[in-house]
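Me: I have a model open and would like to go through it with you. Could you start with the overall picture and then move to single residues?

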Amino acid sequence: FDKVSLQSATCAIRAVMYGAWFLVAASLVHRKEERHSLLETMQSMWLGWRDLRAWGLLLFSAVGSGALAGLLQQKGQATLSASETNIILSSEPIWAGMFAWLFLGELLSPKENVGGLLIFSAAIVATGALDGLLPITKISGKRKAKDSSHPPGGE
C-alpha cells in the first residue's frame with residue numbers, strides 16, 4: 001500500500017471512531033442531565049470549543065503527532081529491519097518518562113523505573129551488544145555456528 005493512502009485511511013478510521021465515541025458519550029450525558037438540546041450537552045463537554053487556540057492545538061495534535069508521526073514511523077519501519085524497529089518502538093515508555101521528568105518535573109515510581117530498566121536491558125541484549133561477553137551468549141553463539149553447518153532439512 002502507498003504510505004500516504006494507508007496513513008490517510010488510518011486517520012479517517014480514527015476520526016470516525018472518536019466521533020462515534022463522542023456522540024455516544026454526549027447522548028449518555030444528555031439523558032442523565034436532561035439539557036435542552038444535544039448540542040448544548042456537547043458544548044458543555046468541552047469548554048474550549050469557542051477558543052481558536054484550543055482548535056489550533058487540536059489540529060496540531062491531529063496533524064503533527066497523528067498523521068505526520070504515522071508517516072515518519074512507516075518510513076522508518078520500511079528502512080530498518082523488523083528487530084531494529086521493534087527495539088525503537090518498545091523504547092517509547094522510556095522516552096515518555098524522560099520527557100515527563102524533563103518538561104513536567106514528574107517523578108517515576110520505583111516500579112516504573114524497574115520497567116524502564118528492563119526495557120533498556122532487553123534492547124541492549126536484542127541488539128547483540130553483549131554477544132561473546134557473557135557465558136550464555138557464547139554458548140548460544142556456538143549453537144548457531146554448529147546449526148548453520150548443516151544443510152537445510154538434513155542432519
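This is a predicted model: local features need pLDDT of at least 70, side-chain atom pairs count only at pLDDT 80 or more; totals for chains, interfaces and linings use all residues.

Me: OK, and which elements does it have, how many helices and strands?

Reply: The protein chain has 7 helices and 0 strands, taken as DSSP runs numbered from the N terminus (helices are H or I with at least four residues, strands are E with at least two).

Me: Where is confidence lowest, and where is it highest?

Reply: By pLDDT, the predictor's confidence in each residue from 0 to 100, the lowest part is helix 7 (residues 135-148) at a mean of 51, whereas helix 5 (residues 92-104) is highest at 92. Over residues 141-150 the pLDDT is below 50, and beyond near neighbours in sequence this stretch has 1 contact in the model, where contact means heavy atoms within 4.5 Å. For the protein chain the mean is 81, with 85% of the residues reaching 70 or more.

Me: Let's go to Gln7. Is that one buried or exposed, and what does it touch?

Reply: Gln7, which is found in helix 1 (residues 3-33), is buried because its relative accessible area is 5%. Leaving aside residues up to four places away in sequence, Gln7 touches Gly66, Ala67, Gly70, Leu71 and Gln74. The C-alpha atoms of Gln7 and Gly70 are separated by 6.5 Å, although these residues are 63 residues apart along the chain.

Me: And Gln74 from that list, why does it count as buried?

Reply: Gln74 counts as buried because its relative accessibility is 17%. Its place is in helix 3 (residues 52-79), and, again not counting residues up to four places away in sequence, Gln74 touches Lys3, Leu6 and Gln7.

Me: Switching topic: how many salt bridges turn up?

Reply: A search of the whole structure finds 1 salt bridge, defined as a side-chain nitrogen of Lys or Arg within 4 Å of a carboxyl oxygen of Asp or Glu. The side chains of Arg53 and Asp51 meet in it, at 3.6 Å from N to O. Arg53 is exposed, with a relative accessible area of 65%, whereas Asp51 is partly exposed at 30%.

Me: What about aromatic pairs?

Reply: There are 4 aromatic pairs in a search of the whole structure; rings of Phe, Tyr and Trp (its six-membered ring) pair if their centres lie within 6.5 Å, and planes under 30 degrees apart count as stacked, over 60 as edge-to-face and the rest as tilted. Trp46 and Trp55 form an edge-to-face pair, 4.9 Å centre to centre with 75° between the planes. Trp46 is partly exposed at 30% relative accessibility, and Trp55 is partly exposed with a relative accessible area of 41%. Ring pairs also link Trp95, Phe99 and Phe103 into a cluster.

Me: Which residues make the nonpolar surface patch?

Reply: The patch, of about 990 Å², is made by Trp95, Met98, Phe99, Trp101, Leu102, Phe103, Leu104 and Leu107. Patches are made of residues with over 30% relative accessible area and no salt bridge, with like charges joined within 9 Å and nonpolar side chains (Val, Leu, Ile, Met, Phe, Trp, Tyr) within 5 Å; accessible areas come from the Shrake-Rupley method with a 1.4 Å probe, and for residues only the protein chains shown count as cover. Met98 lies in helix 5 and is partly exposed, with a relative accessible area of 42%.

Methods
Residues are numbered from 1 along each chain as its sequence is written. Side-chain values use heavy atoms; hydrogens and water are left out. Buried means under 20% relative accessible area, exposed over 50%, partly exposed in between (1.4 Å probe, protein chains only).
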